[in-house]
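Dear colleague,

Please find below the structure that I am handing over to you. A short account of the findings follows it.

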Amino acid sequence: DELARSEIEEIIFEHPDLELCCNGVEIIDSPGLNEHPDRTAITQKLLKDTDAAIFLTNASRSLTQGERDLLQDLRTQLNGGKEDEPADNLFVVGNFMDLVRTENGRQQVQQRIERFVQGQSPIVAGENRVHFISAQATLDAIVKGSENEYLKTFQNFTQSIEKFLTLERGSLQIKQS
């Protein structure tokens, strides 16, 4: 509550050992687009100069109508105002997959998200733009020094971001120019 009432617009946390950031990459964890209007304005401002955006949804209640509307708006913003083209620089991540109790339930979540973002009127374009993870189960595996399926899916997600930022970003910028 105190932070929400504060005048703070930005907190910078530098981590010298984060490999992804060694090549000039900055990771910005912004407020969501359906937050308080002031925080939404901060995120909107950040989107104007971003190379890639990650849209995070809760797998146990994924893609509410509000989130669907936000994704469509985000696609348009990342495409410079073009409403009918998918965004090459948008990644959609379903988190909390470990909280979806059954394999059938996990498959249904994946199908629902994939159908919306890659279906008839695609929101995203490119390979490996949709991922299903559990951040908590991944952290647990890292802390324990073990492997689990969520560590592997998280590594796949980070590798796809790295590939985009190191190999695909430049050609996308040239294309947009």
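At roughly what angle do the axes of α3 and helix α4 cross, and within what distance do they come? The model is predicted, so local features need pLDDT of at least 70 and side-chain atom pairs count only at pLDDT 80 or more, while totals for chains, interfaces and linings use all residues. Residues are numbered from 1 along each chain as its sequence is written, and side-chain values use heavy atoms, with hydrogens and water left out.

The axes (lines fitted to C-alpha atoms, for helices over the stretch in contact, with angles from 0 to 180 degrees between N-to-C directions) of α3 and α4 (residues 103–118) cross at roughly 35 degrees and come within 11 Å. Helices here are DSSP runs of H or I of at least four residues, and strands are runs of E of at least two, numbered from the N terminus. In this contact (heavy atoms within 4.5 Å), α3 contributes R68, L71 and Q72, and α4 contributes R112, F116 and V117.

The structure also holds 4 salt bridges, each a side-chain nitrogen of Lys or Arg within 4 Å of a carboxyl oxygen of Asp or Glu. One of them joins the side chains of R129 and E168 at 2.7 Å, N to O. Because R129 lies in the loop between α4 and β3 (130–132) and E168 in helix α6, the pair ties together parts that are 39 residues apart in sequence.

In the lining of the largest pocket, α6 gives the most, with 10 residues. A pocket is an open set of points on a 1 Å grid over the protein atoms alone, where a 1.4 Å probe fits, with protein on both sides within 12 Å along at least five of seven lines; lining residues have an atom within 4 Å of a point.

Yours sincerely
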